[in-house]
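Please have the sequence and structure open.

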Amino acid sequence: MKRSWLLALLLCAYPLDGSAQAALPKIVILATGGTIAGSADSSTSGGYQSGQVAVDVLIKAVPQLSTVASVTGEQISNIGSQNMNDEVWLKLAKRVNELARTGIDGIVITHGTDTMEETAYFLSLVAHTSKPIVLTGSMRPSTAISADGPVNIFNAVAVAADAKAQGRGVLVVLNDEIHDARSVFKSHTTKVSTFKSGDHGLLGEVQYGAITFYRGPPALHTFASPFFVEHVQTLPRVDIVYIHEGVDGGLIEAAAKLGARGIVTAGVGNGNMTDAALAALAKVAEQGVVAVRSSRVITGPTGRKVEVDDDALGLVASYELTPAKARILLRLALLTTSEPATIQALFQSF
């Protein structure tokens, strides 16, 4: 009798029909390329070519994934993220929203690190779901002697499969760290510890699938976003003009003549610029081009009406958004409005 009872207990704990595997969270990996899918001539080569390895190969390289989730993969693109573009962005966003409406539990996106922070922030504004969306990549190609891609994929899938990740918006997971899409930026050209979250600090940490969250996202995102791109084919042109010592207004005026509907300045200090550049920015703003002041300084907010009278000049302040992220928010805002006051309110919320 005791043996029969013990056998029944074991069968309940370890079923033979595969239902334990079926009960695991369902995660879809969308691959876009990048260093994580790169290959080199040797395991110690500093040179490599991005986007050479397909998503099914990436998944097979991490068999431990089967312990945390039921994983499938799709190839969205296979490019180095320096070549990321609107076409891939829109394709990715539309697929993320399609998948989020199905029975999956989360989405992982493999991506190059060069523009990962931009894609993450873009998705945080256009992916309308509370399900986890996690970007990951690597600083070393798949053929490297100590490739960081496999553990990053494992950790990213673990985070996407964790119920505590729901409602936190789009996340970036690399080097055992969890970042939110709005705060994260790449800080070093080659180190595996390249991603930082500035003044807000890490969202959390993950080590071999063990997850700790420290805080929530710093602004509205995903399911609270007013931006929809399901029927969008192209995004408005917005250019970034880098501000430096002695800069004139020529590039600002040229951007407007080339058809930019918005211009973001990567200003010095608190979004400042020369008198000549400021005059040019105010001039194009009068002509209907939405002008946003940001800063080339990587952390800290660009304040409104600190040293520049934004109200009088019709300008928008980016607050905490870097020039690259300010450009993304402005492009999406321009789909529905070109009113500076309305756009300024969006920069306060997102």
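## Model and conventions

This is a predicted model: local features need pLDDT of at least 70, side-chain atom pairs count only at pLDDT 80 or more, and totals for chains, interfaces and linings use all residues. Residues are numbered from 1 along each chain as its sequence is written, and side-chain values use heavy atoms, with hydrogens and water left out.

## Salt bridges across the chain

A salt bridge here is a side-chain nitrogen of Lys or Arg within 4 Å of a carboxyl oxygen of Asp or Glu. The count is eleven.

One of them joins aspartate 86 to arginine 331, with the closest N and O atoms 2.5 Å apart. The partners are 245 residues apart: aspartate 86 lies in helix α4 (residues 86–100), arginine 331 in helix α10 (residues 323–333). Helices (H or I, at least four residues) and strands (E, at least two) are DSSP runs, numbered from the N terminus. Arginine 331 is buried at 4% relative accessibility, while aspartate 86 is partly exposed at 24%. Buried means under 20% relative accessible area, exposed over 50%, and partly exposed in between (1.4 Å probe, protein chains only).

Arginine 182 and glutamate 320 form another salt bridge, at 2.7 Å from N to O. This pair also links distant parts of the chain, 138 residues apart. Arginine 182 sits in the loop between β6 (177–180) and β7 (185–186), and glutamate 320 in the loop between β14 (316–317) and α10. Arginine 182 is buried, at 14%. Glutamate 320 is partly exposed, at 36%.

Aspartate 311 and arginine 304 meet at 2.4 Å, N to O, in a salt bridge. Aspartate 311 is partly exposed at 46% relative accessibility. Arginine 304 is partly exposed at 25%.

## Packing of α10 and α11

How is α10 set against α11 (residues 340–349)? Their axes are 11 Å apart, at an angle of about 130°. That makes the pair oblique (under 35 degrees is roughly parallel, over 145 roughly antiparallel, 65 to 115 roughly perpendicular, the rest oblique). Axes are lines fitted to C-alpha atoms over the stretch in contact, and angles run from 0 to 180 degrees between N-to-C directions.

From α10, Ala326, Leu329, Leu330 and Ala333 meet Ile343, Leu346 and Phe347 of α11. Contact means heavy atoms within 4.5 Å.
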